[in-house]
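I opened this chain to look up its overall shape, its helix contacts and a few single residues. The entries below are in the order in which I worked.

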Amino acid sequence: MEKKLEQIKEKGLERICKASSMAELEEVRKDLMGKKSELSDVLKNMGSLSAEDKKKIGMITTEIKNIFSDKITEKEQDIISSMSVLDEPLDITIPGTKSEEGALHPITQMCYDLNDAFRSLGFEVYSEDDISSEQYAFDNLNFALDHPARESMDTYWLEGTENKSGAERLCLRPHLTGGSVRYLLDHGAPARFVYPGRVYRNETTDARHERAFFQYEALIVDKNISFSSGMVMIQTILEKVFGRKINVRMREGFFPFTEPGYEIDMECLVCGGKGCRVCNHNGWIEVMPGGVIHPNVLRAAKLDPEEWTGFYINIGLDRLVMMRYGVDDVRLFHSADLRFLEQFK
Ligand SMILES: [Zn+2]
């Protein structure tokens, strides 16, 4: 009997040793230590033995089980440490893959920088839907009923509303200014807010015209707003964006929603005012129209023009970005050419 046990032990240890995977080892464990194992058979057939022999055989089988158990645990560790997470052998001499990092488009970055600059002056950043109506795009903004902008081909009118008028005649917003009245109707005065966004014009696209482009408009409405507060606002914003004082000048301009209106120019930073192709060789670049809000627009916003006044500016993001980086061709920013855009990371 003892000899048989010795054989079971030898055979068992050999099988544990040869197991090469966890599944195989589990199989071996069941065969050696399970209910149907040879060791169990030995214990079941001890009926004819003396009490003393039973005790002795019992002790030997327990010892063998312990040895098996220890060896199996040891083998498990061997198998685990020899397993690799890689399917294939690793060649550490092959050069690695460079990870690509994205970045904001320079025009988006400029928009965010302006938001920060305006927020620091107490302005709210406001946004509204891209779909507007004749009432908000034209009626509220003092466009005469026969103003050519209403009927020109520039505006995308929404199908099915062409024969309606006012709030029922829908369009993709041709400019942001309509949002100013909507904000004032919701929030009342005094108010200071900016509203960046995309606007749509049904134009033939060429180097300087796109069907959809970004605008950035700011409006301040308060009692006793003067022309000079508008000028201070513009200078403060430019100073924050460019990190230094920027020379600005105003020329007369006409927009239905302003009275008076201005074209606001800044010194050309590409040539430093000497003249280059960006500034048409005159040293100044037109960056924003603006002006004092027209009394009829205040009336549309249910505000009394005797009591309130305000100042608009509409910033050309493209122009500011060109000035910031001294780039002299706006088309590059819309080229989707990563070799160019990656420079602004
Ligand atoms: Zn210039």
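These are my notes, from the whole chain down to single residues.

**Whole chain**

I note at the start that this is a predicted model. I counted elements and got 12 helices and nine strands in the protein chain. I then looked up the extent: the C-alpha trace spans about 120 × 50 × 40 Å along its principal axes. The radius of gyration is 41 Å, whereas a compact globule of 345 residues would have one near 20 Å.

I checked the domain assignment next, and it gives domain 1 as 2-82 and domain 2 as 106-344. The centres of domain 1 and domain 2, taken over C-alpha atoms, are 86 Å apart.

I looked up burial for the chain: 28% of the 345 residues are buried. Of the contacts with a separation of 6 or more, 65% are between residues 24 or more positions apart.

**Helix 2 and helix 4**

I fitted the pair formed by helix 2 (residues 22-33) and helix 4 (residues 51-82); their axes come within 11 Å and cross at roughly 175°. An angle over 145 degrees counts as roughly antiparallel, so helix 2 is roughly antiparallel to helix 4. On the helix 2 side I listed M22, L25, R29, L32 and M33, and on the helix 4 side K65, F68, I72, K75, E76 and I79. By class, this contact has seven nonpolar, no polar and four charged residues.

**Helix 5 and helix 11**

I repeated the step for helix 5 (residues 106-119) and helix 11 (residues 317-325), where the axes come within 9 Å and cross at roughly 100°. Angles of 65 to 115 degrees count as roughly perpendicular, and therefore helix 5 and helix 11 are put down as roughly perpendicular to each other. P106, I107, M110 and C111 of helix 5 meet L317, D318, L320, V321, R324 and Y325 of helix 11. I sorted the residues of this contact into eight nonpolar, no polar and two charged.

**Helix 8**

I asked which residues of helix 8 (residues 178-187) are buried. They are G178, G179, S180, V181, Y183 and L184. I then looked up what these buried residues pack against, and found strand 2 (131-133), helix 6 (134-137), strand 4 (191-200), strand 5 (212-222) and helix 10 (295-300). Just after helix 8, G188 has a positive phi of about 70°.

**H294**

I located H294 in the loop between strand 8 (284-293) and helix 10. Is H294 buried or exposed? I count 21 other C-beta atoms within 10 Å of H294, so this residue is buried; the cut-off for buried is 20 or more. Leaving out residues up to four places away in sequence, H294 touches N142, F257, T258 and E259. I also took the C-alpha to C-alpha distance from H294 to P305, which is 8.5 Å for 11 residues of sequence.

**W308**

I found W308 in the loop between helix 10 and strand 9 (309-315). W308 counts as buried because it has 21 C-beta neighbours inside 10 Å. With residues up to four places away in sequence not counted, W308 touches A189, V221, K223, L298 and L303. As a last entry I took W308 against E52: they are 256 residues apart in sequence and 113 Å apart in space, C-alpha to C-alpha.

Note on methods: Residues are numbered from 1 along each chain as its sequence is written. This is a predicted model: local features need pLDDT of at least 70, side-chain atom pairs count only at pLDDT 80 or more; totals for chains, interfaces and linings use all residues. A residue is buried if 20 or more other C-beta atoms lie within 10 Å of its own, exposed if 12 or fewer, and partly exposed in between; C-beta atoms are placed from the backbone. Helices (H or I, at least four residues) and strands (E, at least two) are DSSP runs, numbered from the N terminus. Two residues are in contact if their C-beta atoms, placed from the backbone, lie within 7 Å. Axes are lines fitted to C-alpha atoms, for helices over the stretch in contact, and angles run from 0 to 180 degrees between N-to-C directions. Angles under 35 degrees count as roughly parallel, over 145 as roughly antiparallel, 65 to 115 as roughly perpendicular and the rest as oblique. Ala, Val, Leu, Ile, Met, Phe, Trp, Tyr, Cys and Pro count as nonpolar, Asp, Glu, Lys and Arg as charged, and the others, Gly among them, as polar. Domain bounds come from an automatic or database domain assignment. The radius of gyration is taken over C-alpha atoms; the globule rule is 2.2 Å times the number of residues to the power 0.38.
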